[in-house]
Amino acid sequence: MLGRLNHVAIAVRDIAAASNLYRSTLGAEVSAPEALPEHGVTVVFITLPNTKIELLEPLGADSPIGKFLEKNPDGGIHHVCYEVDDILSARDRLVNSGARVLGSGEPKIGAHGKPVLFLHPKDFNGTLIELEQA
């Protein structure tokens with residue numbers, strides 16, 4: 001069911017400073033920031049040869065990243081995103097096996113313009129999983 005690793009997301013307090021760190025210190029290619037109000041985040045993507053790193057900064061008072069940073073003041077890994085060929089089929093299979101899909105259970109459009117779902121971290125060894133339609 002799982003395809004390739006699409007990205008690893010890291011929560012940060014200051015996306016400009018974090019972007020500069022990756023760009024200046026590690027020589028990484030960093031995208032321009034993009035606000036995603038429906039997800040409560042601003043994102044940038046760091047392109048690697050085999051995947052991406054997504055930096056997430058809170059956008060708005062109700063941002064899930066703001067809540068994450070309250071518990072983890074220095075930031076850190078927030079989630080791992082895997083691609084799936086058919087997100088609805090993957091969702092149904094996971095739900096039938098007892099996994100919990102966060103939110104309404106219906107895919108939302110993510111940062112890459114494709115449908116995404118999030119799976120409860122308690123069902124996956126403490127890791128928040130994002131599935132993205134390939």
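Two residues are taken to be in contact when heavy atoms of theirs lie within 4.5 Å. In this predicted model, among contacts between residues at least 6 apart in sequence, 54% join residues at least 24 apart. The secondary structure comes to 3 helices and 9 strands, and the elements follow one another from the N terminus as β-α-β-β-β-β-α-β-α-β-β-β. The C-alpha trace spans about 45 × 35 × 25 Å along its principal axes, and 43% of the 134 residues count as buried. Because a compact globule of 134 residues would have a radius of gyration near 14 Å, the 15 Å of the protein agrees with that expectation.

| Strands | Sense | Bridges | Facing residues |
|---|---|---|---|
| Strand 7 (residues 108–109) and strand 8 (residues 115–119) | antiparallel | 2 bridges | Ile-109 and Pro-115 |

Strand 7 and strand 8 form a hairpin with 5 residues between them, and in its turn Gly-113 has a positive phi of about 75°.

Glu-54 belongs to strand 5 (residues 52–58). Although Glu-54 is buried, it has no salt bridge, and the nearest side chain of opposite charge, that of Lys-52, is 9.4 Å away. Leaving aside neighbours within four places in sequence, Glu-54 is in contact with several residues, among them His-7, Val-8, Phe-45, His-79 and Ala-111.

Note on methods
Residues are numbered from 1 along each chain as its sequence is written. This is a predicted model: local features need pLDDT of at least 70, side-chain atom pairs count only at pLDDT 80 or more; totals for chains, interfaces and linings use all residues. Side-chain values use heavy atoms; hydrogens and water are left out. Helices (H or I, at least four residues) and strands (E, at least two) are DSSP runs, numbered from the N terminus. Buried means under 20% relative accessible area, exposed over 50%, partly exposed in between (1.4 Å probe, protein chains only). Lys and Arg count as positive and Asp and Glu as negative; His and the chain ends are not counted. A salt bridge is a side-chain nitrogen of Lys or Arg within 4 Å of a carboxyl oxygen of Asp or Glu. Two strands pair if DSSP finds at least two bridges between them. The radius of gyration is taken over C-alpha atoms; the globule rule is 2.2 Å times the number of residues to the power 0.38.
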